[in-house]
Amino acid sequence: MPVMALTDLSLRTLKPVAGKQVTYTDRSLKGFGVRVGKSGAMTYVLVVGANRKRIKLGDVGVLKLAEARAAARVKLAEKQLGIHQHTTAPTYNDALETFLKVKEQEHGCKPRTLRDYKRLLTRHGFGLDKLDRITPNDVQGKLDKLAKTPSEQAHAYSAYQIFFKFAFRRHYLDRHPMERMEPKKPRPSRKRILSFDELKRVWNACDGAFGDIIKLCILLGQRRSEIAQVEQAWVEGDELSFPASVAKNRVGWRVPLEPMALEIIRSRFTNSPYLFPARKTWRQKSSVYNAWGKDKPKLDEKAQVFGWVIHDLRRSFQTHLTSLGVPENVSDRLMNHITGAKQGTLGVYQHYDYASEKREAMMKWKTHLSSLLATDQ
């Protein structure tokens, strides 16, 4: 390891060496140095003990040289005074791996929930940091960086809370780092309803697999993820039977298929078990359609309808059904909502499936849409 006088000026002269990492040791403080990676990234390090253990102190540019040197002196003093305690806590990444396995195997988490946990806790995670070294300021710093995306911030806050509570109960931590933090408020619930004219323009602009998904969202009022996951085996005659595994509330449900929806679904039958298989599956982890961000803006431009998200079609579906005289308890069952009518004692004893009422509602909606699409407005 090269030895040199580390100064703010000399740090600027350090360059990466092709194919290897190099640690430059400070001449004035034993064990303290700067490690330069292959990409040019630089970190302050401290090498201590007979086994030459290397401790990362922080990144150059985040910590000043004087701050890193002071931190190194504290650690050296702790070691010499015998107050330095070796941590047995796992790294954040190791704890996260255990967390995801437990959630899947013992708690029976749905795949979608697991994917959300993994995405949030990896994207906004702490990597190889020891879990018990993560401070409240570290967590708050991550959350503050998400201030411009309130929804993502709120989701990350919730994921952190669940993860660190798990780590605390497993004795990876002696104290929950978020115990005094205030919950992050998600953005207000959306209220956007697409008018009949907007629905018509969106419908007429639909084409391809994405267009068929949008049409089925308009016709059936289901979530976009539920439509994208539909398998041929779920189509039973003129009904679509969704399994509990894809339901947000873990309750399976059946939706009657009127002729318009049935025609779209049957046109998607191929050798794939899915109606909407993923494009270029060798490049994606998903097995079903997942190109929302690419196709939605194109549809907006073609339809000249802006400021809406696909979930707004679900809200529009129920709102327009109500305007056509369909009772709320019927539309709720079409959309697999658990309402007061299905909770408590009624949830135990009331098992009438409203099959005929649901079919009547869907035919009423189909008739109205057909009339709408046939007119020039």
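Student: In β7, which residue is the bridge partner of Val235?

Tutor: This is a predicted model, where local features need pLDDT of at least 70, side-chain atom pairs count only at pLDDT 80 or more, and totals for chains, interfaces and linings use all residues. Residues are numbered from 1 along each chain as its sequence is written, and side-chain values use heavy atoms, with hydrogens and water left out. Strands (E, at least two residues) and helices (H or I, at least four) are DSSP runs, numbered from the N terminus. In β7, Val235 has as its bridge partner Leu240.

Student: How many bridges join β6 to β7?

Tutor: Two strands pair if DSSP finds at least two bridges between them. Strand β7 covers residues 239–242 and runs antiparallel to β6. The number of bridges joining them is 2.

Student: What is the order of the open sheet of 3 strands?

Tutor: The pairing in this sheet is antiparallel. The order is β6-β7-β8.

Student: Why is one side of β6 and of β8 left without a neighbour in the sheet?

Tutor: Look at the edges. β6 (235–236) and β8 (253–256) stand there. One side of each has no neighbour in the sheet because each has a single partner strand.

Student: At about what angle does helix α15 run to β8?

Tutor: Axes are lines fitted to C-alpha atoms, for helices over the stretch in contact (heavy atoms within 4.5 Å). Angles run from 0 to 180 degrees between N-to-C directions. Helix α15 (residues 355–374) lies across β7 and β8. Its angle to β8 is about 45°.

Student: How many bridges join β1 to β2, and do they run parallel or antiparallel?

Tutor: Strand β2 spans residues 22–26. Val3 stands opposite Thr25 in β2. The bridges between β1 and β2 number 2, and the strands run parallel.

Student: How many residues line the largest pocket?

Tutor: On a 1 Å grid over the protein atoms alone, a pocket is an open set of points where a 1.4 Å probe fits, with protein on both sides within 12 Å along at least five of seven lines; lining residues have an atom within 4 Å of a point. Arg112, Asp116, His155, Arg224 and Ser225 lie nearest the centre of the largest pocket. The lining residues number 49.

Student: Which helix gives the largest share of that lining?

Tutor: The elements that give two or more residues are α4 (111–123), α6 (150–169), α9 (224–228) and α12 (311–323). The largest share is 10 residues, and it comes from α4.

Student: Is Asp300 buried or exposed?

Tutor: Asp300 is found in helix α11 (residues 292–303). Beyond its neighbours within four places in sequence, it is in contact with Val305, Phe306 and Trp308. Buried means under 20% relative accessible area, exposed over 50%, partly exposed in between, with a 1.4 Å probe and protein chains only. At 11% relative accessibility, Asp300 counts as buried.

Student: How far apart in space are Asp174 and Asp132, C-alpha to C-alpha?

Tutor: Asp174 sits in the loop between α6 and α7 (196–205). Asp174 is exposed, at 77% relative accessible area. In sequence, Asp174 and Asp132 are 42 residues apart. In space, their C-alpha atoms are apart by 7.7 Å.

Student: What value is phi of His171 near?

Tutor: Most residues other than glycine have a negative phi. His171 lies in the loop between α6 and α7, and is exposed at 69%. Its phi is positive, near 65°.

Student: What value is phi of Gln304 near?

Tutor: Gln304 lies in the loop between α11 and α12. Gln304 is partly exposed, with a relative accessible area of 43%. Its phi is positive too, near 60°.
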